[in-house]
Amino acid sequence: MQIGYVGLGKMGLNMVTRLVRKGHRVVACDTDEKARVKAQKAGARTADSIQALMQSLPSPRIVWVMVPHKAVDAALRNIMRYARRGDIVIDGGNSHYADTLRRAKQVRAKGVRFLDAGISGGPKGALRGACVMVGGERSDFKKLENLFRDISAGRESYIYAGKAGAGHFVKMVHNGIEYGMMQAIAEGFEVLRKGPYKLDLPAVAELYNHGSVIESRLVGWLAKAYREHGAVLKGISGTVGHTGEGEWTAKLAKKLKVPVPIIEGAFKFRIQSKKKPSYTGQVLSALRNQFGGHKAEK
């Protein structure tokens, strides 16, 4: 396929590289010249503006948007200036599903198709194959299924989730679950560290990740963080960053009258970690850095 791609951050650049390797022809747009040069080296054509991007694509156009959720509205407004009936726009970022519903309605009112794609796997997943959750009209999904297959890690790594917003809804709840799982791992390792035995925490993390019930990618990433930073996680901040998705899940659960004390507690811990950094916070920061490339240094 020929695809327009807006956003060449750590996720976008890797996904563009993967698409090119899979045989797709990509025209990538970003205001950052260095990012465009990297995309060119990966085999993509580039454009320095959305206008130039849209003018370089044949109709009907397929445009993937991969920008932070706060920048999606501005990107879509710009795209819609040049979009024509029958074009397809895909929001692949971490948007709140309610915002996605609004955007889908606005875009479709002009005869342009709209899909939302929740992407899990971080920058490495974007390059090697991600987990993809798609919302929108099933007919549009079927039309682009080969694209979602090529972005994903395999046939079982992508799904049509349902109508507009469903992809981002599934991804939002995924992120809330992620908050809780990470919190449990981090708290457990602080208990191990402060317990009555002088344990080799890197060895315990490796052990847990070979045949135990809690064997997982998260525990594997913690073991890797220990290999890189040592048991004390030297240089890793005890204050944990957050991007909002865990809070979104907790707030929606409250509206639905579904108790989610684990997810809610995990989000509150991150807020409180700004004033009360801890070893639990260091483990969380190390994990976020491992799978998402988030800043973790003090």
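# Helix packing and selected residues in a predicted model

Helix H11 and helix H14 (residues 279-292) pack at an angle of about 100°, with their axes 9 Å apart, and that angle makes H11 roughly perpendicular to H14. This is a predicted model, in which local features need pLDDT of at least 70 and side-chain atom pairs count only at pLDDT 80 or more, while totals for chains, interfaces and linings use all residues. Residues are numbered from 1 along each chain as its sequence is written, and side-chain values use heavy atoms, with hydrogens and water left out. Helices (H or I, at least four residues) and strands (E, at least two) are DSSP runs numbered from the N terminus.

**Packing of helix pairs**

- For these pairs, axes are lines fitted to C-alpha atoms, for helices over the stretch in contact, and angles run from 0 to 180 degrees between N-to-C directions; angles under 35 degrees count as roughly parallel, over 145 as roughly antiparallel, 65 to 115 as roughly perpendicular and the rest as oblique.
- Between H11 and H14, Leu218, Trp221, Leu222, Lys224, Ala225, Tyr226 and Glu228 in H11 meet Tyr279, Val283, Ala286, Leu287, Gln290 and Phe291 in H14, where contact means heavy atoms within 4.5 Å.
- By class, this contact of H11 with H14 has ten nonpolar, one polar and two charged residues, with Ala, Val, Leu, Ile, Met, Phe, Trp, Tyr, Cys and Pro counted as nonpolar, Asp, Glu, Lys and Arg as charged, and the others, Gly among them, as polar.
- Helix H1 (residues 10-21) packs with helix H2 (residues 33-42) at an angle of about 20°, their axes being 9 Å apart, which makes H1 roughly parallel to H2.
- The crossing of H1 and H2 is right-handed; a crossing is left-handed if the near helix is turned anticlockwise from the far one by less than a right angle, and right-handed if clockwise.
- From H1, the residues Leu13, Thr17 and Val20 meet Ala35, Lys38, Ala39 and Ala42 of H2, and the contact of H1 with H2 has five nonpolar, one polar and one charged residues.
- Helix H4 (residues 72-80) and H5 have axes 12 Å apart and pack at an angle of about 10°, and the two are therefore roughly parallel to each other.
- Val72, Asp73, Leu76 and Met80 of H4 make this contact with Arg102, Arg103 and Val107 of H5, and the residues of the contact of H4 with H5 divide into four nonpolar, no polar and three charged.

- Arg103 lies in helix H5 (residues 97-108) and is buried, with a relative accessible area of 3%; buried means under 20% relative accessible area, exposed over 50%, and partly exposed in between (1.4 Å probe, protein chains only).
- Leaving out residues up to four places away in sequence, Arg103 touches His69, Val72, Asp73, Leu76, Asp91, Ser95 and Phe114.
- Arg61, in the loop between helix H3 (50-55) and strand E4 (62-65), is buried as well, with a relative accessible area of 4%.
- A polar atom of the side chain of Arg61 lies 2.9 Å from the backbone oxygen of Met54, and Arg61 touches residues including Met54, Tyr82, Asp87 and Ile88, not counting residues up to four places away in sequence.
- Arg128, placed in helix H6 (residues 122-128), is exposed, with a relative accessible area of 62%.
- Although Arg128 and Ala153 are 25 residues apart in sequence, they are 6.9 Å apart in space, C-alpha to C-alpha.

**Backbone features in loops**

- A cis peptide bond, with omega about -5°, joins Ser59 and Pro60, and Pro60 is placed in the loop between H3 and E4.
- Leu233 is not a glycine but has a positive phi of about 50°; Leu233 is in the loop between helix H11 (217-229) and helix H12 (245-255) and counts as buried at 0% relative accessibility.
- Lys257, found in the loop between H12 and helix H13 (261-272), also has a positive phi, near 60°, and is exposed, with a relative accessible area of 76%.

**A buried strand residue**

- Val26 is found in strand E2 (residues 25-29) and counts as buried at 4% relative accessibility.
- Apart from its neighbours within four places in sequence, Val26 is in contact with Ile3, Tyr5, Val16, Leu19, Val20, Ala44 and Arg45.
- The C-alpha atoms of Val26 and Arg270 are separated by 38 Å, with the two residues 244 apart along the chain.

Key: A polar contact is a pair of N or O atoms within 3.5 Å; within protein, one must be able to donate a hydrogen and the other to accept it, and residues adjacent in sequence count only if both atoms are side-chain atoms.
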